[in-house]
Amino acid sequence: MIIASNVSKKFRKLTVLENISVSCAKGECIALIGPNGSGKTTLIKTILGMVVPDSGFITFNGQNILHDWKYRSHIGYMPQIGRYPDNMTIGQVLNMMKDIRADKEKKWDEELIDAFGVNALLNKRMRTLSGGTRQKVSACLAFLFDPDVLILDEPTAGLDPLSSELLKEKIIKEKKKGKLVMITSHILSELDDLITQVIYMQEGKLIFHKNIDELRKDTGEQKLSKAIASVMLKK
Amino acid sequence: MIKIIKYVITDILRNKIVMAYTIFLMAISLSLFNLEDNISKGLLSLLNITLIIVPLVSIIFSTIYIYNSAEFIELMVSQPLQRKKIWMSLFAGLAISLSLSFCIGAGIPIVLYAASSIGFIMLAMGIILSIIFAAVAMLSAVIIRDKAKGIGISVLLWLYFSLLFDGIVLFILFQFEDYPLEKAMVAITAFNPIDLGRILILLKMDVSAMMGYTGAIFRDFFGTQVGFIITLVILLLWIATPAWMSARIFNKKDL
């Protein structure tokens with residue numbers, strides 16, 4: 001569904017992505033794992049077209065995403081740090097997004113809005129929100145349009161245990177519908193029952209892209225956290 | 001695109017600054033027309049004030065607005081929207097609200113007191129200058145990432161267009177006073193939209209008779225139909241060039 005070929009990106013002299021080639025298929029749930037500053041978020045942003053790669057290209061359903069924008073209607077993106085216009089209320093932001101993406105006649109998926117109880121907060125201004133509530137709004141927006149691809153950048157960071165459990169359930173549910181889910185997270189234990197594939201990155205390079213079963217077999221560890229730890233030690 | 005423009009304009013209107021600017025313009029124009037017994041004198045004073053204030057408010061407000069919309073822009077860019085459209089909607093929103101507040105603030109007094117051709121040219125010039133400086137602000141805001149630096153550049157640009165440019169022109173004139181520079185002067189003014197506006201309006205007024213030989217040359221050029229149209233085209237270029245350049249840069253910008 002999403003294929004990146006030889007994507008490289010430099011910010012001035014700093015190489016953030018070096019010849020990354022990955023291919024992500026439908027129905028997979030892919031964990032993007034790597035140390036801080038390994039280029040995970042940049043890779044996600046190149047897929048979204050927010051960062052333009054210096055070389056290489058990315059295709060979405062066979063279409064090059066450069067100069068294209070319509071493909072983004074198939075993506076739900078939850079940013080690492082959700083930033084929203086300060087003086088708008090949650091309700092206004094939700095309505096604005098619905099209004100702007102109203103071109104398709106799909107029904108809105110408001111399950112998360114109900115689960116998180118966001119409806120009770122609709123009149124709160126964005127600048128007064130706590131980090132966790134902001135995360136909830138980001139999550140609601142990512143799932144709102146029932147997209148084929150979900151890209152979640154540290155989805156559970158800052159969420160309370162109950163909410164992150166709710167979010168996990170929702171992710172599993174969407175995965176079962178045959179959607180492509182990409183998650184970055186540093187809390188590996190919560191990825192265990194979610195993911196089917198692992199992409200491991202370090203210093204802008206793709207170290208491996210494996211099925212979770214294969215990784216477990218290679219490292220002899222059942223838990224993802226231990227498997228990754230043994231990979232990191234070997235390097 | 002119209003939807004985004006709508007959101008930008010509601011956001012700007014919610015910000016009280018534009019409202020205050022409108023009231024300020026209204027207060028100044030009304031008091032000037034009431035202070036001067038002669039309408040054209042009032043227009044002249046109003047001209048001098050608008051040529052300073054309109055560019056200043058437009059460029060500073062637009063620059064700060066663009067920087068403060070970083071979150072909004074980020075949110076929009078991850079949606080199925082064309083980047084060019086997002087940028088142009090921001091520009092349109094700024095241009096429309098700034099022109100609107102000039103139209104209301106200065107336009108109503110002008111129509112009430114000086115509904116002549118000069119008055120309407122002045123109104124049009126105020127609107128064009130608002131849009132030009134909004135476009136220039138978009139350009140400096142897209143090039144410079146740092147907010148404080150970007151606003152600083154905008155202030156400097158305003159200083160350049162309103163004060164420094166005239167100083168440089170005077171300097172050149174005195175240095176080369178032995179040469180016939182009057183025709184070249186006409187071309188040089190094209191590099192400053194504020195001067196273009198000033199000359200265009202002054203020539204329609206009686207005071208142009210006191211501008212001497214250079215004034216006569218200006219009158220020969222700007223006073224004619226062709227000159228007027230050329231000036232208009234140059235002013236439109238002053239809008240289109242920065243807007244187009246900033247959209248191109250924004251299209252490739254990493255967010």
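1. Helices here are DSSP runs of H or I with at least four residues and strands are DSSP runs of E with at least two, numbered from the N terminus. On that basis chain B reads α-α-α-α-α-α-α-α-α-α-α from its N terminus, that is, 11 helices and 0 strands.

2. This is a predicted model, in which local features need pLDDT of at least 70 and side-chain atom pairs count only at pLDDT 80 or more, while totals for chains, interfaces and linings use all residues. Residues are numbered from 1 along each chain as its sequence is written, and chains are lettered from A and ligands numbered from 1 in the order in which they are written.

3. Overall dimensions of chain B. The C-alpha trace spans about 60 × 45 × 30 Å along its principal axes.

4. A residue is buried if 20 or more other C-beta atoms lie within 10 Å of its own, exposed if 12 or fewer, and partly exposed in between, with C-beta atoms placed from the backbone. Of the 255 residues, 42% count as buried. Two residues are in contact if their C-beta atoms, placed from the backbone, lie within 7 Å. Among contacts with a separation of 6 or more in chain B, 79% join residues 24 or more positions apart.

5. The sheet of chain A. Six strands form an open sheet in the order β6-β7-β8-β3-β9-β10, with mixed pairing; two strands pair if DSSP finds at least two bridges between them. Strands β6 and β10 (205-211) are at the edges with a single partner strand each, so one side of each has no neighbour in the sheet. From one strand to the next the twist averages 15 degrees, with axes being lines fitted to C-alpha atoms and angles running from 0 to 180 degrees between N-to-C directions.

6. Strand pairs. β6(A) pairs with β7 (residues 149-153) of chain A in the parallel sense over 4 bridges, and Met78(A) stands opposite Leu152(A). Strands β3 (residues 29-33) and β9 (residues 197-202) of chain A also pair in the parallel sense, over 4 bridges; Gln197(A) is the bridge partner of Ile30(A). In a regular strand the side chains alternate between the two faces of the sheet. In β6(A), Ile75(A) and Tyr77(A) point one way, Gly76(A) and Met78(A) the other, and all are buried.

7. Helix α2 (residues 90-100) of chain A. Its buried residues are Ile90(A), Val93(A), Leu94(A) and Met96(A). They are on the same side of α2(A), because their arc is only 160 degrees around the axis, taken from the directions from the helix axis to the C-beta atoms. Their cover includes α4 (131-144) of chain A and α1 (2-14) of chain B.

8. The largest nonpolar core. A nonpolar core is a set of buried Ala, Val, Leu, Ile, Met, Phe, Trp, Tyr and Cys residues joined through C-beta atoms within 7 Å. This one has 137 residues, and those touching the most other members are Ile151(A), Ile199(A), Phe91(B), Ala134(B), Ala135(B) and Met138(B). Helix α6 (residues 117-143) of chain B gives the most, with 17 residues. Beyond four places in sequence, Phe91(B) touches Ala134(B), Ala135(B), Met138(B) and Ala243(B).

9. Tyr21(B). This residue lies in helix α2 (residues 16-35) of chain B. Tyr21(B) counts as buried because it has 20 C-beta neighbours inside 10 Å. Leaving aside neighbours within four places in sequence, Tyr21(B) is in contact with Val57(B), Ser101(B) and Gly105(B). Tyr21(B) and Ser101(B) are 80 residues apart in sequence, with a C-alpha to C-alpha distance of 7.2 Å.
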